[in-house]
Structure formats: C-alpha cells, structure tokens
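Here is a short tour of one protein chain. Have the sequence and the model open as you read.

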Amino acid sequence: MKILIKGAGDLATGIASRLYRVGHQIIMTEIAVPLTVRRTVALSRAVYEDKAQVEDMTGVLVTNMETAEKVLLDGDIPVIVDPKADIKDEFHPDVIVDAILAKRNIGTMITDAPFVIGVGPGFTAGVDCHCVIETKRGHTLGETIYKGAAIPNTGVPGEIGGFSTERIIRGAAEGKMVPIAKIGDTVEKGQVVAITGGKEVYAKMSGIVRGMLQPDVIVHENMKIGDIDARSELFHCYTISDKARAIGGAVLEAITRFEHMRGNYALVVLAAGEGSRFGENKLLAKVDGKSLYQHTLDRMKAFGVYPQVIVTGYKEIIEQAKEQGMQVVINDHPELGISHSIKLGIETCVKNYPQIDGILFSVCDQPSLECATIQRILNAAFLHKKQIICVADGEHYGNPVLWDREFFPELLKLQGDQGGRTIMKQIPGKIRTVEVMSKELKDIDFKSDLELQ
C-alpha cells in the first residue's frame with residue numbers, strides 16, 4: 001500500500017523500517033530544520049545531508065511528487081520538507097501515519113486518508129484518527145488503541161539503564177547549538193558536552209552519547225538537545241531502538257488488519273422511516289446545530305474505503321448522500337416497514353459488491369454514536385467470521401449490527417416491521433458484542449428525546 005508518514009525522526013524511522021521491509025511504498029515528510037536528537041537512526045537527516053542511511057533503508061531528499069516517484073521506483077524512501085503534508089493530495093495514500101510526536105495533534109484528520117493512525121498522545125481514536133499507538137515505555141508500549149487516547153504526556157522521560165531525567169541533555173540558553181561531544185562518544189558526569197547560546201551544557205550522568213542535535217540549530221533554554229545512555233553500547237547509537245521497533249510493529253499490525261479488511265464489508269444506512277411517533281420527519285430535526293441525519297452522514301465520511309449505501313426516500317438526504325459519494329437506494333414504500341429497507345440494502349450490496357463478507361446496518365437517528373464504535377465492529381467482524389456483531393450496553397443490544405453474509409437469506413425473509421432482532425433471538429450463540437456507553441445506543445423517537453441530547 002501507499003503510506004505517508006508525517007515525521008521522519010527516530011521513532012518515525014522505526015515505523016518506516018517495519019513497513020518498508022514488507023514492501024509498502026512510503027513517503028516521509030519533515031520540517032525545514034529537523035530537531036531529531038537520535039539523528040544517526042533517523043531518515044530526517046536526509047533534509048540536510050540529501051541522503052540518509054539507517055540499517056537497510058535509504059532516505060532521499062525530494063522536492064516534489066515527480067522526484068518522489070523516481071525514488072520509490074529505486075526501492076528507497078523519499079523524504080520531503082512538507083510541514084503540512086500537502087503531498088498527500090498528489091500521493092493519495094491508503095494510510096497516513098502521524099508520527100510527528102508533537103504530544104498534540106497539529107492538523108491530522110480522520111478523513112485525510114482511508115486509514116489514519118496517530119502515534120502517541122494528542123490523538124483520540126474515532127475523532128481525529130482510526131487508531132492510536134501507545135508510545136509510553138512500560139507494559140502498554142505498542143498497544144493499538146481503537147477507542148480513546150494514549151497515556152497523556154507526563155514530561156518525565158522513560159527509564160533507560162536505570163536513569164530517567166538525568167539522561168536528557170538540555171539547552172542551557174537560547175541560541176545557536178554547538179556540539180562538543182559527538183554521538184558515540186563516552187562522557188563523564190559534569191563534562192561539557194555542548195554549548196547553546198554561548199553557555200556551556202554539562203552532562204548530568206556518565207555514559208555514551210546516544211543522541212545530539214546537528215550543529216548550528218537554534219535552540220531555546222531547557223530544550224532537549226541530546227541524550228546519554230548508561231548502557232554504553234556503541235551499536236545502540238546506530239541501530240533502531242527497541243521502543244521504535246515496538247511502535248513500528250504496532251503500526252504494522254494496525255495497517256495489516258486494515259489491508260485485509262478494507263472493501264470486505266458494506267455499510268448500509270437505513271433512513272426511510274416515516275417517523276410516526278415523532279410526528280414528522282425526525283431526521284431533519286436539529287441536534288447540536290445540525291440535522292439528525294447529518295450526524296450519520298458525517299460519521300460515514302471516516303469509512304469511505306468501504307462500499308456505502310443509504311436507503312431513503314427523503315430528498316434532502318438523497319442530495320447530501322450523493323454529494324458524499326454514497327449509493328442511494330430509493331424506498332418509495334416506507335409503510336412496508338424496516339424489513340423492506342433491509343431487503344433493498346442487501347439486494348443492492350449483493351448485486352454491486354459481490355465480494356463482501358458482510359453488511360453493517362446503521363440507523364440514522366443515533367446522534368451520539370461514535371466513529372470508534374463502527375471501527376471496533378468492523379475489527380470484531382474481521383476476527384469472528386460467520387457471526388453477528390452487535391453493540392451492547394451490558395445486556396441490552398442496539399444498533400449498528402454487522403451481519404455476516406451467511407445470514408442474508410434469513411434477513412431477506414423478514415416481513416413488515418420485523419428487524420434483525422427477530423433472528424438474533426433464535427441464534428444467541430452466533431452473537432458477538434462490542435460494549436459501548438448507553439448514550440451511544442440512544443435513538444430519537446419522540447420530540448422529547450431531543451431535550452435529553
């Protein structure tokens with residue numbers, strides 16, 4: 001697949017190494033003056049050296065998509081100075097990995113690519129990306145998170161060789177960086193290792209210099225400019241770290257799962273109900289400043305890689321769904337009940353997307369349903385074939401529900417206002433649940449329900 005990695009520092013390079021070795025096409029972006037401390041194991045070095053070798057990878061500085069394509073054909077990794085990652089508009093990546101490690105999101109959106117990964121703190125799965133990778137050293141390092149966020153930044157460096165804060169070399173004053181010690185040098189506690197802004201910087205511990213910023217970079221006081229490793233293993237200075245490999249493995253896991261899942265499921269939105277209990281077309285009612293149906297359509301934007309069908313008879317919804325690229329199926333007979341919409345959805349999907357393994361049915365009146373929930377349903381369906389994946393709040397089932405294709409014949413037999421719950425009651429052993437908060441299951445049936453949102 002085509003993968004865009006935002007950032008080319010040491011952790012981003014560790015991610016690239018995992019993806020590169022299994023054959024993915026990678027482009028990496030950087031800022032004009034990289035601030036990578038462990039630069040001997042970072043492809044960001046290509047920005048000021050034109051080329052950078054890290055283990056079996058070569059990063060090559062490029063200036064546009066045309067030169068990037070030539071580097072890709074040579075089997076190398078293009079690195080481009082592109083702080084906003086604008087090259088995505090020409091590259092059209094399957095996956096974007098934000099590995100800038102800024103401890104906050106500085107512009108990545110879940111709709112930037114078919115699959116978006118946020119590395120470290122600052123991202124929330126289902127909000128600005130599909131998956132978050134835990135970067136904090138410890139038991140959960142490398143965890144793939146599909147709901148929620150990584151552990152917040154504590155400001156305390158992880159422990160290596162028994163040392164934490166002492167191992168970090170920090171600028172003594174604002175100004176130009178002048179390294180005294182080089183990466184790979186052995187230094188003693190109290191030794192001058194750099195000068196910043198004309199002021200000497202002293203080592204706070206003994207060990208080997210594992211990282212140091214390049215000369216002439218403008219730094220500020222207390223900024224991280226290097227690090228010391230008490231283990232004093234020279235090869236650690238020139239090889240990808242255990243942490244970077246663990247994070248890279250997690251990114252590879254998430255991408256591989258996505259690679260096997262994409263296009264295998266269809267998403268069908270049911271939006272043809274008469275709204276008799278509401279008294280009018282409830283889908284046009286405003287919730288948090290936008291129409292109820294718009295909440296659902298906005299949610300679907302995060303899953304554009306999957307075939308999407310909407311069953312409706314409402315003009316406003318039809319126009320919006322078409323603009324969004326969804327296939328619209330007109331239901332002219334809402335009085336026939338939800339079973340008719342289900343049949344129309346299945347028949348359309350089977351005809352146009354015969355390869356799919358299942359269909360996720362979503363109703364259009366759940367404004368609090370999260371994108372993360374849809375992603376978790378798809379993940380569960382991928383792992384549990386020939387089963388029904390249903391959201392639940394404890395013992396209560398709700399929507400959406402993903403049905404494996406083996407249940408299509410039973411769904412097509414439904415009549416009137418019979419929904420899939422009729423079938424589920426008969427085969428409870430075939431149901432797998434994705435637990436959610438009760439708020440997500442809440443739908444809008446009466447006007448009084450709007451007051452509870």
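Is helix H6 (residues 292-300) mostly covered or mostly uncovered? Mostly covered: eight of the nine residues in H6 are buried. Keep in mind that this is a predicted model.

## The chain as a whole

The chain holds 13 helices and 28 strands. Its C-alpha trace spans about 80 × 45 × 40 Å along the principal axes. Of the 453 residues in the chain, 55% are buried.

The buried residues of H6 are Leu292, Tyr293, Gln294, His295, Thr296, Leu297, Arg299 and Met300. Asp298 counts as partly exposed, because its relative accessibility is 24% and buried means under 20%.

Asp298 also has a partner. Its side chain meets that of Lys301 in a salt bridge, at 3.4 Å from N to O. Lys301 is partly exposed too, with a relative accessible area of 41%.

## Salt bridges

Side chains of opposite charge can pair when their charged atoms come close. The count here comes to 15 salt bridges. One of them joins the side chains of Lys6 and Asp98, at 3.9 Å from N to O. This pair links distant parts of the chain: Lys6 is in strand S1 (residues 2-6), Asp98 is in strand S6 (residues 95-98), and they are 92 residues apart. Are the two partners buried or exposed? Lys6 counts as buried, because its relative accessibility is 8%. Asp98 counts as buried as well, at 2%.

Another salt bridge joins Glu55 and Arg21, at 2.7 Å from N to O. This pair also links distant parts of the chain, 34 residues apart. Glu55 lies in the loop between strand S3 (51-54) and strand S4 (57-62). Arg21 lies in the loop between helix H1 (10-20) and S2. Glu55 is partly exposed at 29% relative accessibility, and Arg21 is partly exposed at 39%. Both residues belong to a network of salt bridges that links Arg21, Glu55, Asp56 and Arg245.

## Aromatic pairs

How many aromatic pairs does a search of the whole structure find? It finds two. Phe115 and Phe258 form a stacked pair, 4.8 Å centre to centre, with 10 degrees between the planes. Phe115 lies in strand S7 (residues 115-119) and Phe258 in helix H5 (residues 242-261), so the pair ties together parts that are 143 residues apart in sequence. Both Phe115 and Phe258 are buried.

Trp403 and Phe407 form the other pair, which is edge-to-face. Their ring centres are 6.0 Å apart, with 75 degrees between the planes. Trp403 and Phe407 are both buried.

## Surface patches

Now turn to the surface. Glu66, Glu69, Asp86, Asp89 and Glu90 gather there in a patch of negative charge. Helix H3 (65-73) and helix H4 (88-91) each supply at least two residues of this patch. Glu66 is in helix H3. Is Glu66 buried or exposed? Glu66 is exposed, with a relative accessible area of 53%.

A nonpolar surface patch is made by Ile31, Val33 and Leu35. Its area is about 230 Å². Leu35 sits in the loop between strand S2 (25-30) and helix H2 (46-49). Leu35 is partly exposed, with a relative accessible area of 41%.

## Backbone details

Which peptide bond is described as cis? The bond from Asn399 to Pro400 is cis, with omega near 5 degrees. Pro400 is placed in strand S27 (residues 396-404).

Asp50 is found in the loop between H2 and S3. Ser232 lies in the loop between strand S19 (224-229) and H5. Ser232 counts as partly exposed, at 37% relative accessibility.

Conventions: Residues are numbered from 1 along each chain as its sequence is written. This is a predicted model: local features need pLDDT of at least 70, side-chain atom pairs count only at pLDDT 80 or more; totals for chains, interfaces and linings use all residues. Side-chain values use heavy atoms; hydrogens and water are left out. Buried means under 20% relative accessible area, exposed over 50%, partly exposed in between (1.4 Å probe, protein chains only). Helices (H or I, at least four residues) and strands (E, at least two) are DSSP runs, numbered from the N terminus. Patches are made of residues with over 30% relative accessible area and no salt bridge: like charges are joined within 9 Å, nonpolar side chains (Val, Leu, Ile, Met, Phe, Trp, Tyr) within 5 Å. Accessible areas come from the Shrake-Rupley method with a 1.4 Å probe; for residues, only the protein chains shown count as cover. A salt bridge is a side-chain nitrogen of Lys or Arg within 4 Å of a carboxyl oxygen of Asp or Glu. Lys and Arg count as positive and Asp and Glu as negative; His and the chain ends are not counted. The place of a charge is taken as NZ of Lys, CZ of Arg, CG of Asp or CD of Glu. Rings of Phe, Tyr and Trp (its six-membered ring) pair if their centres lie within 6.5 Å; planes under 30 degrees apart count as stacked, over 60 as edge-to-face and the rest as tilted.
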